[in-house]
Structures are given as structure tokens and as C-alpha cells.
Amino acid sequence: MKVLLVHRYFWPDTVNCGQILWDISKHLSNEGHNIDVLTSLPSYNLNSLKIYAKKNEQIDNIKIQRIKLSLERRNPIKKIINAIKLGFLTIYLAKRNNYDVIISTSIPPITGGFFAGIVTCIIKTRFIYFCMDLHPEIGKISKDFSNPFLYSILKKIDNWSCSKANPVVVHSLDMKKSLKSRNTKNKFKIEIINNFSVSSEKLNKSMLKKNLKLESNKLKIIFAGNLGRFQALDKIIDAMAILKNVKELKLTLVGEGSVKSDLIFKIKSSNANVEIFDSQPIDTTKEMIKKADIGLVSLDKNIYKYAYPGKIMTYLQQGKPIIAILEKKSEIVKLMENENYGFCIPTLEPKKISQHLIKILENQSWKNKMGSNAIRAYENYFAKSKILSKWSNVLLNK
């Protein structure tokens, strides 16, 4: 089967979704499918561009075509231009190569699905819409799509894209419910396929040596992932600032993102017991997680309805319980509490967060049991082999 996969970021970019798609591509290729990937030159992290700058490459049955797109840095004009360039090239490649299936994602938002939907009208190919996040809902919360008229138009466009997809793939039941609740007469075909912990890379031993000093703390919390606008990390740092004299408690942040510089300033000005590291190779990050006691997942209000943090799988794979700072009614928390591998803090008020953290610090009888439960939950729900098998079935339309 000839497949075109389109996504803004792809391996070796450090962004998690690009790494996930690399593993999916390899899996489908190993099953005998011919996979073409359309993406940008590495641009999420400039270090990726330094180590890998080929525009075209073939690995086994995977052809990767990379185009140069501008660094966006939250610039809406550049985002639109990049999305249009990627979209028109999607149409061109699809017409030229007559693919059996096009897998396009929700990155770039709205246009990723829209241009793939146009292709289905032109050459009658099958379109799988991989909605890693739901837009324009996420954009409304971030204020990118807060204008009511713009939001309405974008939702109609995305509804049309979803109606052309067979199927729409989302990460959770919460996301499926949100998609079905849109004001539309269309009945979308929706499949739930969550993520897995991504493949390993090169281990950064110097970073691990630097990070050994965390061993002196009685409760070491780690947040590894996107330091973005929806993670409510400013509230977490405020809570840690309240606890700055509690030296037994420490938070480590690992990653990149749009609010990283703001977080660094807040940490320094508040003297919070928080350490922040740049994004690391996956193996290094996993080793840092192993050295911690518990992983942190935090989201702004209502974000759980439209997204599912991939860091959860990495924590669980490493046998780490979770502190989930988000709504108790979310699927994330329900599964966590059913399988008993973490704690829910259902508030974004720094003072209340700090009180919960003190309770977790003072009684650590949970460590061994929740650690074992975390590994079991990963194997039962998020094991790589199980998730990739679901992708195989979706591609074959089973």
C-alpha cells in the first residue's frame, strides 16, 4: 500500500509527535507498505538541524521529503505561510503519486486536515486524520482563535475535514466526546489510538552526572515535555515558591517551549526549589525520570478534553507514579485512580497545590506499590506493540 504521511515536524526533531510518527512509519514500512513522509527540515529545535539537514532520504521503504519552512516563534503570519506551503505540496505529491492512503495530522492546525480533505475530493484516495490535539478548540483557549467569527469558520472547516476522514484518530475518550459534541450533523468515524513511549536515542552521560545531585532530595518530582502555554507550569512554580524552605522537595523541568524563558525568570525571582534543563535525547530524559520519584502532569482548565499528554506514557514505562494536576473527571485521572498509580490535585491554586505536595512528601508508603502499578498500566494500555498493532488495523481498515 502506498501511504503519504504529512506532519509539520518529524524525526530527528525533538518534539514528541515527530518521534511518534517516525516509529509508526517504521512499523508500517516493516509490514510491507511504501511510506512517503512530507515534513519540514528540522526546525522545532535548531540542534536537530545541525545534526540532520538532508532534504530527501530513503530509509528502507520510507521516503522522507523535507521542505524549508520558516521558524514560527508564535508568529501567526509565518504559521499561515508554512501551513499553505505544506498543504499545496501535499496536493501536488498526492496527484503525482496516486497514494492509496494519506495520513495527515492536526499540525499545522486546521490546514493539515483541510488540504488532505481536498485531496480526497480530487483523486478519491482514503484520508486518515490524526488529531493529536483538537482544533480550533485548543486555539480558542490559547486565544489564537478567540475571535468568535474566526472560531466559527475554523470549526466548520475542520468539521468538513473530519467528514472526509476515514477515520479520525484521537488519543482519548474525552477527545472523542469533544469531537462528537460539535454542533454538526456530520457523524464522524472516530478511532481512539493513544501514544506510547518513543524510541531511545543517544544517552547524554554528562547530563546524567550533572543531575546526580537530585539524589539528596526526599521527594524528587520531574516534568519532562513541552514547556508550553497549556501546562500551567507558572502555577506549579508558584506552589514551589511557597515551599522554597522545604529542601526535601524538588522539581525538575526538562524540555523546550514557548514559555520557557518566562519560567526561568519566575524560578530565579521566586527562589523556588526548581531546576530547569534544556530538551535532552530521549534516553537521557528517561534516565532522569528514573532518578526522580514521581512524574508531573499538569494542564490548564478543560485542556484534557482536547489533548492527551504523551509524557504520561514515558513516566509509566519507567515505573514512575504520577501527580496529575487537572480535573478529576478526566479520563487521565480516572484511569490513574482505577489502576492506582498516582495522585490527583484537582486545582490550579498554588497554595492548595503546595498543601497536596506536602502530604505526598510526608507519607511515601505509596512508592513501591504505585511504581509497580505504573509499569503494569503501561503494558496493559500503552505498550508500543499494542499501539502499533492498532495503527496496522486502522490502515487496513479493520
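In which loop does Gln-280 lie, between which strand and which helix?

Modeller: Gln-280 lies in the loop that runs between strand 11 (274–277) and helix 11 (282–291); helices (H or I, at least four residues) and strands (E, at least two) are DSSP runs, numbered from the N terminus. This is a predicted model, in which local features need pLDDT of at least 70, side-chain atom pairs count only at pLDDT 80 or more, and totals for chains, interfaces and linings use all residues. Residues are numbered from 1 along each chain as its sequence is written, and side-chain values use heavy atoms, with hydrogens and water left out.

Gln-280 counts as buried because its relative accessibility is 11% (buried means under 20% relative accessible area, exposed over 50%, partly exposed in between, with a 1.4 Å probe and protein chains only). A polar atom of the Gln-280 side chain lies 3.0 Å from the backbone oxygen of Asp-278. A polar contact is a pair of N or O atoms within 3.5 Å; within protein, one must be able to donate a hydrogen and the other to accept it, and residues adjacent in sequence count only if both atoms are side-chain atoms.

Another loop residue is Pro-109, found between strand 5 (101–105) and helix 4 (111–123). At 32% relative accessibility, Pro-109 counts as partly exposed.

Ser-392, in helix 16 (residues 384–395), is buried because its relative accessibility is 7%. Leaving aside neighbours within four places in sequence, Ser-392 is in contact (heavy atoms within 4.5 Å) with His-27, Leu-28 and Glu-31. Ile-84 belongs to helix 3 (residues 76–97) and, at 37% relative accessibility, counts as partly exposed.

As for the whole, the protein has 16 helices and 14 strands. Buried residues make up 56% of its 398 residues. Of the contacts with a separation of 6 or more, 75% join residues 24 or more positions apart. The radius of gyration, taken over C-alpha atoms, is 21 Å, which agrees with the value near 21 Å for a compact globule of 398 residues; the globule rule is 2.2 Å times the number of residues to the power 0.38. Along the principal axes, the C-alpha atoms fill a box of roughly 65 × 45 × 40 Å.
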